[in-house]
Protein chains: 2
Amino acid sequence: MALAELEQVSRNEEGIATALGILRQRFGERLLTGQSIREQHAHTTTYIPAQLPDAVFAAGDTQEVQEVVRICAEHRVPVIPFGTGTSLEGHVNAPGGGISIDLMGMNRILSVNAEDMDCTVEPGVTREDLNLHLRDTGLFFPIDPGANASLGGMAATRASGTNAVRYGTMRDNVVSLSAVMPDGRLIQTARRARKTSAGYDLTRLLVGAEGTLGVITALTLRLYGIPQAISGGVCPFPDVERACQAVITTIQMGVPVARIEFVNALAMKAINAYAGLDYSESPCLFLEFHGSEAGVKEQAETFGEIAAEFGGGPFLWTSVAEQRTKLWKARHNAYWACVALRPGARGLSTDVCVPISRLAECIVETEADIERSGLLATVLGHVGDGNFHVLVMMDMDDPKEVEAAEAFVARLNRRALSMDGTCTGEHGIGQGKMRFLEEELGEAVDVMRAVKQAIDPHGIMNPGKVVGARRI
Amino acid sequence: MALAELEQVSRNEEGIATALGILRQRFGERLLTGQSIREQHAHTTTYIPAQLPDAVFAAGDTQEVQEVVRICAEHRVPVIPFGTGTSLEGHVNAPGGGISIDLMGMNRILSVNAEDMDCTVEPGVTREDLNLHLRDTGLFFPIDPGANASLGGMAATRASGTNAVRYGTMRDNVVSLSAVMPDGRLIQTARRARKTSAGYDLTRLLVGAEGTLGVITALTLRLYGIPQAISGGVCPFPDVERACQAVITTIQMGVPVARIEFVNALAMKAINAYAGLDYSESPCLFLEFHGSEAGVKEQAETFGEIAAEFGGGPFLWTSVAEQRTKLWKARHNAYWACVALRPGARGLSTDVCVPISRLAECIVETEADIERSGLLATVLGHVGDGNFHVLVMMDMDDPKEVEAAEAFVARLNRRALSMDGTCTGEHGIGQGKMRFLEEELGEAVDVMRAVKQAIDPHGIMNPGKVVGARRI
């Protein structure tokens, strides 16, 4: 994506210089301005060019976040919240410069309430850290976007992943947030009750706002009991349509599947080659079931029957932990396996989500489009939700290839929109998908912009993303 | 609640007169201004005094809603969306007069997508209408707030009810909304994909906004497969604490209970007296399980074992439909049974919600408070979520009794807040709970007010509710 195509955010040179001076005075060497740390905090995992912040500040607590935001607010300087930097649409770029607030030092688990099945954590706690901490409680936090992302970042981008079909997304699993607003005020969006109808849902407004409305400084999350039993397996299908039909039937029958992942034929080939496995190199579904011993057996058997009805199978499943782990490792490593299809290539990951009745059609058309475009790309999907990813293996230094990939992504997004779908099921808008957001929701984007303007009147919070920095 | 205690909304007499003239010219006799129809559309099911709109207009379609809103916007006249009028906190009162838009004529089911397990309906469709329509599809819409409410109203108040513990609330089950905004523009908040991370979550912003940000004119809702089998039963406990401990353990163990309802001893007595039944007159849990034949049996048996551990039981359960229906009829009729405890009384229903670890304590303290206050009141709860109702049987014409009840409600709300709970789990803020919202969320209410001001700058949408009509 060329810089010129991104939303332009003008640099407030004077304000930035003043704020940097004040911050340096206040925090001394904790204000980092070296080139490499600034590069690390500008986004480099996408095809969007990096735009560096002027400084990085690693916040130690909420008060420090408030202090930095207040100084930035006073001098009209952009603030970019930063977690693990694993977002995919340029969310942490600094198009107008400013201060990147790194929140990974705020990584305390503040409380675990086993009876209430919730916990409160700082934003820099990663999902793996949290689950490690919860190990002995019999509880776990299910959302798994692949990367070991920070929970603050996962909330900010409304992340989901493989088991959203059973446990929902971050939207469903954040009970309450503490956030520093663009004027430096600290708010709490809700109490710790499981449900509430007290006022506007500010929790859901901040979840998915991608740091453009405030900086999340604490999160209360729902937890779940670790299932008594887990079974899982892989099932090949003769084609995409029949795999999708099996998914639809499984969900309609109320099988409470925990994960149901589509992997296309090329991705299966990559997985086999990468790890020396011998799965069928046809479209496959990877499944996982959570429940009682009897329950997961019943679920797996029911799915096996459904798959057979649609010409799929054999469905090989297991409830033995080591075998399951191996299975999901293959799925989790799919990204690296696919990238290895083309040595030296970088992976460009994009996602869309459509009503599940249109999923097969959307994937088939997309595979044909990949073929026509001469791109090397695989398709993987959280298909229980109608959400799938395309991973394009690219030479980022070849402008013609970048152009072809961008044109392909545009067609993919418009294809999803034409099927009443969304331009992103879980990656978010960032800088990369702003134009598709407009195409998707039309005048509703004006309402979003009015909300942005009301909460962040000077446009300092992560400008140039989602609904942009433009004034209404 | 005395009128003087409600948020005051000044009447714009000139604007109202002008708008009424224009609307009469445009819609003729369809603009209703009779006393009795206006009374029907002002809230009368609460202890909040009725405040009548100046006219009622029964909208036939979205364009008519837009037309009325545009006229009201131009002349700064309040618009109050109206469904079945079953809300409980003065949501449909017209403190500044204005036009009540009755949406019950917009009652078409626009589409049912069985493969996607969703449907799109107009706001005047009631939940019973929808489920009747879905009968032959094998699907159902689970949210059941008790009353046969309109789906638009249920979305506006973020309703839930008995089976939210399994299926979530309206927050979780609205995929997308069409809404007429305060300037008359029609927006759609999302596409029909199951999940999305495209921009701010306007769907969740409007769900629970109680008509203060716009008029909902269509809703896309999630549907679920009718469970293959359902079992249910009633289980008595020696006391509240042990009933609550059984609830906590059941949920922690991951039993996917569909309903788990607490009924206190006095309410059980009322239920027996009302319908000639002979349940144990101690604190009881009413339960329902959804799943496969084997699954519901396993769930019921597991619960029975848990109940016995806590000294509860016998847990009598059945999967025979007629017996279940009888059981739930008893629970559903609890309101009338309780009101019948005191002939001539009116029921004042209020709700709070606390973290489940505090639930027993909150209920026990509340029962003691009822006792001390000399009020006649029962406690019923959707305890899987930590949500419970108190139903006070009152003589609304006795000012001392009204005062005592209001003081009790205030103490109940503050008790819930002191336990990190919310002043309302499902009834909403309306006019009745505005002061508790401030106590609950503090400065976050300023952010809500900024959002209200941005979306409804003239404060015409359902003024005097939630965050009020005040300017920032």
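How many salt bridges are there between chain B and chain A? The count is ten, a salt bridge being a side-chain nitrogen of Lys or Arg within 4 Å of a carboxyl oxygen of Asp or Glu.

This is a predicted model, where local features need pLDDT of at least 70 and side-chain atom pairs count only at pLDDT 80 or more, while totals for chains, interfaces and linings use all residues. Residues are numbered from 1 along each chain as its sequence is written, chains are lettered from A and ligands numbered from 1 in the order written, and side-chain values use heavy atoms, with hydrogens and water left out.

**View 1. Chain B meets chain A.** Here 81 residues of chain B are in contact with 81 residues of chain A, contact meaning heavy atoms within 4.5 Å. The two chains bury about 6,600 Å² between them, with 54% of it on carbon and sulfur atoms; buried area is the accessible area (1.4 Å probe) that two parts lose on being put together, summed over both. B:Arg191, B:Lys195 and B:Tyr200 supply 16% of what chain B buries against chain A, more than any other three residues.

**View 2. Polar links between the chains.** Zoom in on B:Arg192 and you find its salt bridge with A:Asp420, the closest N and O atoms being 3.4 Å apart. Chain B and chain A also have 42 residue pairs in polar contact, both residues at pLDDT 80 or more. A polar contact is a pair of N or O atoms within 3.5 Å; within protein, one must be able to donate a hydrogen and the other to accept it, and residues adjacent in sequence count only if both atoms are side-chain atoms.

**View 3. The chain B side, piece by piece.** Several elements of chain B each supply at least two residues to the side touching chain A, among them α9 (240-252), α11 (293-309) and α17 (444-455). Helices (H or I, at least four residues) and strands (E, at least two) are DSSP runs, numbered from the N terminus. α17(B) gives the most, with nine residues.

**View 4. Domain 1 against domain 2 in chain A.** Domain 1 of chain A covers 3-104 and domain 2 covers 109-225, with bounds from an automatic or database domain assignment. Their C-alpha centres lie 23 Å apart. Together these domains bury about 1,300 Å², 69% of it from carbon and sulfur atoms. A:Thr62, A:His91 and A:Leu103 supply 30% of the area domain 1 buries against domain 2.
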